[in-house]
Every structure is written in structure tokens, then in C-alpha cells.
Amino acid sequence: TTTTTTTTTTARPIIDAMINDIQDSGGKATSFVPNASSTTTPSMTKVTIIVLPPPDKISRNNHPFSPHSISDSLVSHGLMNLHKSSSSTTTTTTKRTVQIHVVDDRIEEHMCTAAVAIARTLPLYDSTSKPTFDPLVNVTFHDEKGDAVTSEDLHRTATAVAEGVRLSAKLGDMPPAELNPDAYAAMCRDVAESLSTSGGGGGANERNDVVTFREIVGEELREGGYGGIYGVGMAAACPPRMIVMTYVPRDDGGREKVEHVALCGKGVIYDTGGLSLKPKVGMCGMKHDMGGSAGLLGTFLAAVRLRLPTKITLILAIVENAIGPTAVRNDDVLTMKSGKTVEINNTDAEGRLILADCVSHASNSVEGVDVILDMATLTGAVSVTTGKKHAGILARTRAMEERVYEAGLRTGDLAFPMLYAPELLRSEFASRVADMKNSVANRNNAQASCAGHFIESHIDEAYDGDWVHVDMAGPDSKDERATGYGVALVLGLLGAPGFC
């Protein structure tokens, strides 16, 4: 329910009538009711009541609380534009105040998912010429009796995941002229520094968790053998880079062994397609091609805020796939961090090249990794495979596949398995002059799975941990806005309270 507190006897019958009108069929109803806080001049408050679909109308591959319905309803209610003034001047008296009350008989199970759905409707980035301001939005969660949720753990997770989602969406919405590789790296450094000084909760880092930041830039990449990242980004005005951030918790949560997860994100801040130039229609929106890295940066922020008992290594490849005299060409051969060589037959299949270097680094240069997860807006083909609301997942083991799938169902960041069959698909990359090409021969042969297998092929052969690839090109954006997808999914994978 979206409402502002009204307790007058006049308002109650109106609200009851609204509920009775929609409670069986679902949907929403809006009306104006007398404002209980008005003591002198009569005023009205706009009240909207939203009834979500009942659980028996939700399929097994969707979250039972239907978070997409929450976001869609709030967007249609105008929440996404709440920060914009309707006039040329804005004063404190014109600032909007909204109260959102979420009521459910299983609210403690669904609270954090609802928080994600609401956070997606409150974007941080805006460059319109009208004045903007920070609206006051209060969100409370209630059980079927109306009692508010008081669990500190749930409130901490809801707050942390909302912060991570909004950061991720802000990065995705920023134009590449503002978020170039230099600026993106500076924002990553700022996140690391804020976490290393304040810890998880905003006070002194009394538990002495360790957060570190380092980057490998430009010629350092070439000298270090990161041919994929360097090759894709070397034509841009800002040099390519690989950022590595680590989080080591001092509290292991009572576990005998702390799991070490490496998160590898594709950060193409703009993708022209390179010399395999995209058409003008296909190029619009390519600022979102760094969504995988943004989602994992938001995850890292939230995980440290929550002080999860998991060691995390965040590896982000940040590049611009530009054109110019030094751009990589079709027919060029790149030597990757793995030592394997790749014949370029499509410069617009660049994401797999930079992620291949990331997973290679995770598997041969980071000690004790148990799980490698890479996330990217990798292929348009994944939307044909799993749709616009589900990411496609490609996992080395059935156990990891189920773990990520179930994390999606618990968090509302939905995901669904793709075909895993490297021995059947690797021939798509056959090359006569190198170890492999970077793009498939047959685009009708499980193309999204093939792209994931290309990345997998650069994992060190001695690595005996697990690996999962998340292609989130479908749910990464909606209606030209980034969604912050992936933050909740990976927090669910890591066992954050409220998503377990």
C-alpha cells in the first residue's frame, strides 16, 4: 500500500471501499482523502492501494511476492519522477513526502525483496534542467495484523541492498562522458576507502575487517599479459584498467572455513562495437554495457556493510570499446592472461575477452578461491533464451546451478539455467591460426551458452573450484533505466540475512 498517514473517520470508509473494490481482482485504486495532520486549512492526501497477485497465480519460476509488479505499480504511480519539481523553482514547502507501507502475512520472508523492488523506482541519476531535490520517502513493513517488522538484521539487509541497488543503477544511468574509465575507477576507490575507514555500519571499523583496492592500468595490463582487457580498451581516450578490491572478514561467523568468492564484472562503459561498428539504433543504450560490474560493485558495498562472513575478491574490467587508429581489428590475434591466443572475428564480441582475463586472474593469481562468478550484459541472445526478467546462468556443476537459481527465487533477481555442454559447443570458436576465435560460427547454436563457455575456457586448468556465469543483459535495464540487477542475487548467493 502506498499512502500517507490518515486516521480521520472520514478517510477510513474511503480506504475500506478502495480495498473492497480491488482485493479479489488485484490491481490498484487511487483516491484523495482528508489529511489528518491538517489542523487549520483543510487539505487532501493522495492514497494509492496496490494489491499484488495472489501466490497461487505466481509460477514456480517467479518470486512469490511478485517484485516486478511492485516496481511497475510504483513507477506508474509516478514514484520514479518524485525528485523532479513541477515548477521552475523549488522550496521546502513543495517537497513531496511519501509513505510506503508493505503488508503481507509472510513479510519477514519477503521484506528484503520488497526493499529491492522499491529501491529500483528511486533513481539517483538525473540530468534534466528542472530543479530536483531529495524527496522524503518512508518505507515500513508490516505483518497481516499491521504490526511493524522490528528485526534489526532484516532492516540492515533491506537498507544495505537498497543502497547497493541504487548505486548500481546510478552507474548504469550515467552517460559515458561522465562515467569514463577514469571516473569509474575513482568511484570504486571512493567505495573502498569509505568501507575501509567506516566498516560495515558507518562507525569505526571496530572489528578490523580488511578492505583493499588496487588497479592495473594501460601499459601495465599489456606488460602483465592481460591481452583481452588491453586489446579492447586501447583505442579509447581513457586507458583500460582492471580493478581488484578485496574484503576479508575478521569474524568467520562460527564457520570452520570461510568461503572465498571471486566476483568478476564486465565494465564496458560504452560499446560502439569497435571496428565492427554497431548501427545507430543498436548503439543507443550501450552505456548500460557496464551493468555487470555495477551490480557487483553494489554487491561488494552491501556485503561489507552487512559484514558477511565470506571473503570476497572483486575483479572489474573497465574499458571503453572505442574506434580509432589503435583499435583492435578483426583478424588480429590477442594473447590472453591465460596464455591462450584468440583470433578476433568480431570486435563487438568484446565482453567475453575482458572477462576471460578476469576469470584467468581469479583462477591463477588469487589464492584460495572457492567460487568464481562472472556477471555481464554479455549477449542479446540471452533474452531469447531466458527472457527480459531472468538472467541466464551457465554453471560448471549442478549444485552451483541450483544454488544460483534458488538465490534468484529468494531475492527476486530471477535467473534460469542455460545449456551447459562445452564439449558440444567449443567447435563454434574453431580457428586455423589461433587457439580460438572470439565469436561463434553459427549464431543459431546456443549462442548465449557459447559465449559463457568462451569465458570458462580461460580458467586455469589447475583451478578446482566452482564457476558460474551470469548473463544479465535482459533484466539489466527497463524503459531506458538501469535496474541495479544482480546485487540481490549475489547477496542471496552469499547468504545475506533476509535472503537465506
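**View 1. Strand 7 and strand 9 pair in the antiparallel sense, joined by 7 bridges.** Two strands count as paired if DSSP finds at least two bridges between them; strands (E, at least two residues) and helices (H or I, at least four residues) are DSSP runs, numbered from the N terminus. The model is predicted: local features need pLDDT of at least 70, side-chain atom pairs count only at pLDDT 80 or more, and totals for chains, interfaces and linings use all residues. Residues are numbered from 1 along each chain as its sequence is written, and side-chain values use heavy atoms, with hydrogens and water left out. Within this pair, Val-244 stands opposite Ile-315 in strand 9.

**View 2. Strand 6 is joined to strand 7 by 8 bridges, and the two run antiparallel.** Here Arg-214 stands opposite Val-244 of strand 7. Of the 8 residues of strand 7, 7 are buried (under 20% relative accessible area; exposed is over 50%, partly exposed in between; 1.4 Å probe, protein chains only), so strand 7 is largely enclosed by the rest of the structure.

**View 3. An open sheet of 8 strands has the order 6-7-9-8-12-16-13-14, with mixed pairing.** Strand 6 (210–217) and strand 14 (415–417) stand at the edges; each has a single partner strand, so one side of each is left without a neighbour in the sheet. Neighbouring strands are turned against each other by 20 degrees on average, direction ignored. Axes are lines fitted to C-alpha atoms, for helices over the stretch in contact, and angles run from 0 to 180 degrees between N-to-C directions.

**View 4. Strand 8 (residues 260–271) and strand 12 (residues 371–376) run parallel and are joined by 5 bridges.** Cys-264 stands opposite Asp-374 in strand 12. Helix 9 (residues 291–306) packs on the sheet, in contact (heavy atoms within 4.5 Å) with strand 6, strand 7 (241–248), strand 8, strand 9 (311–321) and strand 12. The direction of helix 9 makes about 140 degrees with that of strand 8. Helix 14 (residues 447–456) also packs on the sheet, touching strand 12, strand 13 (391–395) and strand 16 (466–471). Its direction makes about 140 degrees with that of strand 16.

**View 5. Ala-158 lies in helix 4 (residues 152–173).** This residue counts as buried because its relative accessibility is 8%. Not counting residues up to four places away in sequence, Ala-158 touches Met-111, Cys-112 and Ala-115. The C-alpha atoms of Ala-158 and Leu-79 are separated by 19 Å, the two residues being 79 residues apart along the chain.
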